[in-house]
Amino acid sequence: MNSIRKLVSCVILDLDGTLVNTDGIVSEVLKVYLVSYNKKWDGREALKIIGKTPIEAAAAIVEDYGLPLSKEDLLSEISPMFSDQWCKLKALPGAYRLIKHLRGHGVQMALASNSPRASIEEKISYHPTWKESFTAIIAGDEVKAGKPSPEIFLEAAKRLSIDPSKCLVIEDSLPGIAAAKAADMEVVAVPSLPKQSHLYTAADEVINSLLDLRPEKWGLPPFEDWVDGTLPLEPWHIGGPVIKGYGRGSKVLGIPTANLSVEGYATVLSEHPAGVYIGWAKLSNRGFYKMVMSIGWNPYFDNTEKTIEPWLLHKFDEDFYGEELHLVIVGYIRPEANFPSLESLIAKIQEDGKIAENALELPLYAKYKDETYFKSIHNNHL
């Protein structure tokens, strides 16, 4: 059982990078825009612009890329490009669940974003029930100074009629965390950029994704949707031929993983947090198998790219490289983690396997072990 860190009365949420996956759209727009100046967006400036006001972000891009125009001109040129893309803006995993949960338990919420009001309204218009779930919405153009100034959060507390020290802020950016701490609020950080958790020491807690939030730590009603150590998810799927991996699954860990190429799945991978998942695997020539899978950078081995490493919970007598493998992911176990030793990593993977083995017997998961379902998703992917 988690001990309570501090009792809070309300939750203040950031929008971009916290509730919605803005970063992917920002990268796509800047990639296209910078080509006209013979420049290439490589994402290295992402940390400099996340959480900043639009004009500050524009200034950073103009300076870093040596663009021959003012920050105001850049903003006026790219703003319409962003507006055209907001209809594609997806909610981050756990966002709908969190908002529905807090609203259902009568917990007051505010939305506090450095984005202009018009931009906020447009973004949340694509997400039914969100607008009416917030008691207050405060935009960057409605305060004198945006984050990292505490003004936007203090204004949120004022509109909620709650003392700042009783507010919990959920943020993805360093300016947002600095603003919340300056406002004397508790902060949970959900870093939107991978492998950056070490920069978030000012936060009271750092979590990998909203799926990992435990409201009871803050005296708020707990989620009640975990089942036998797993969180049921809206199913999603990937597939392709089995490829040779790093050679560490069997050799180093004693756990044979069936690696898939991430080529063609960059977008799908970016939409799902690094962590451990459960589901069903279908090998084209062999049938169905229970499966536990890691997605991420595998901190113990310090991968340089995000990988998919499924472990089919069955003892195979031979390799099956080249065979078509299709996976349906139906549940979540835990976030990606580092381990002090190889032994502790192996023990955790074995524990994950036992959780998957048992949970996949439940009807809510077992129903996806279905030939018709696998055929339908395979056909939809072609």
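Modeller: Helices (H or I, at least four residues) and strands (E, at least two) here are DSSP runs, numbered from the N terminus. This is a predicted model, where local features need pLDDT of at least 70, side-chain atom pairs count only at pLDDT 80 or more, and totals for chains, interfaces and linings use all residues. Residues are numbered from 1 along each chain as its sequence is written, and side-chain values use heavy atoms, with hydrogens and water left out.

Colleague: Is N38 buried or exposed?

Modeller: Look in the loop between α1 (22-35) and α2 (46-49) for N38. Its phi is positive, near 55°, though N38 isn't a glycine. Buried means under 20% relative accessible area, exposed over 50%, and partly exposed in between (1.4 Å probe, protein chains only). N38 has 76%, so it counts as exposed.

Colleague: And which loop holds S161?

Modeller: S161 isn't a glycine either, yet its phi is positive, about 60°. At 67% relative accessibility, S161 is exposed. Its place is the loop between α8 and β4 (167-171).

Colleague: How many disulfides does a search of the whole structure find?

Modeller: A disulfide is a pair of cysteine sulfur atoms within 2.5 Å. C167, buried at 0% relative accessible area, is in no disulfide, and the nearest cysteine sulfur, that of C10, is 3.3 Å away. For the whole structure, the number found is 0.
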